[in-house]
Amino acid sequence: MRVLIVCSSGGHLTQALALRSWWGEHERHWVTLPTEDARSRLQGERVTEAHYPTVRNAPNLVRNFGLARRVLREFRPDLVLSTGAAIALPFFTQARRVGARTVYIEPVDRIAAPSLSGRLTYPFSDLFLVQWDSLARRYPGSVDIGMIL
């Protein structure tokens, strides 16, 4: 399976890296932010750096929609996985164009209130995972997987 892992650096990347036993079995490509944290932690991985900052930055959001179109067309993933945050939206809205399924994992620090990224990607997610039962009630059809860290 070809997996495209899309996440911000920092805590979102930490959560994605915690799933190594799963993604390590698959051909993968990462999309993350151009930070030293991400570069050092993903050394040796195939990585595309997204336009940054992504939070409330409309020009970079538009640029990242173009980046998503290019990466999805070139890599042709079977699955797009994200642990957040804003960088996920351009990839989730376009994943179906290449026949990819989408899985979003709401970050562990979201206990009672949904994140903005979660709310935006939820309609485009084939599988929406949360880490707290209290949050599962906010996303009908979501699956509580417990904490991944």
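## Overall fold and helix H4

Among contacts in the protein (heavy atoms within 4.5 Å) between residues at least 6 apart in sequence, 51% join residues at least 24 apart. The model is predicted, so local features need pLDDT of at least 70 and side-chain atom pairs count only at pLDDT 80 or more, while totals for chains, interfaces and linings use all residues. Residues are numbered from 1 along each chain as its sequence is written, and side-chain values use heavy atoms, with hydrogens and water left out.

Seven helices and seven strands are present, where helices (H or I, at least four residues) and strands (E, at least two) are DSSP runs numbered from the N terminus. Buried residues, meaning those under 20% relative accessible area with a 1.4 Å probe and protein chains only, make up 48% of the 149 residues.

Helix H4 covers residues 58–75. Its buried residues are Asn60, Asn64, Leu67, Ala68, Val71, Leu72 and Phe75. The elements against which the buried residues of H4 pack are tabulated here.

| Element | Residues |
|---|---|
| strand E1 | 2–7 |
| strand E2 | 27–32 |
| strand E3 | 47–49 |
| strand E4 | 79–84 |
| helix H5 | 88–94 |

At the N-terminal end, Asn57 caps H4 through a side-chain oxygen 3.0 Å from the backbone nitrogen of Asn60, and Arg76, which follows H4, has a positive phi near 55 degrees.

Definitions and conventions: Expected span 1.5 Å × (residues − 1). Buried < 20%, exposed > 50% of the residue type's maximum accessible area, 1.4 Å probe, protein only. Polar contact = N/O pair within 3.5 Å; in protein donor to acceptor, adjacent residues only side chain to side chain.
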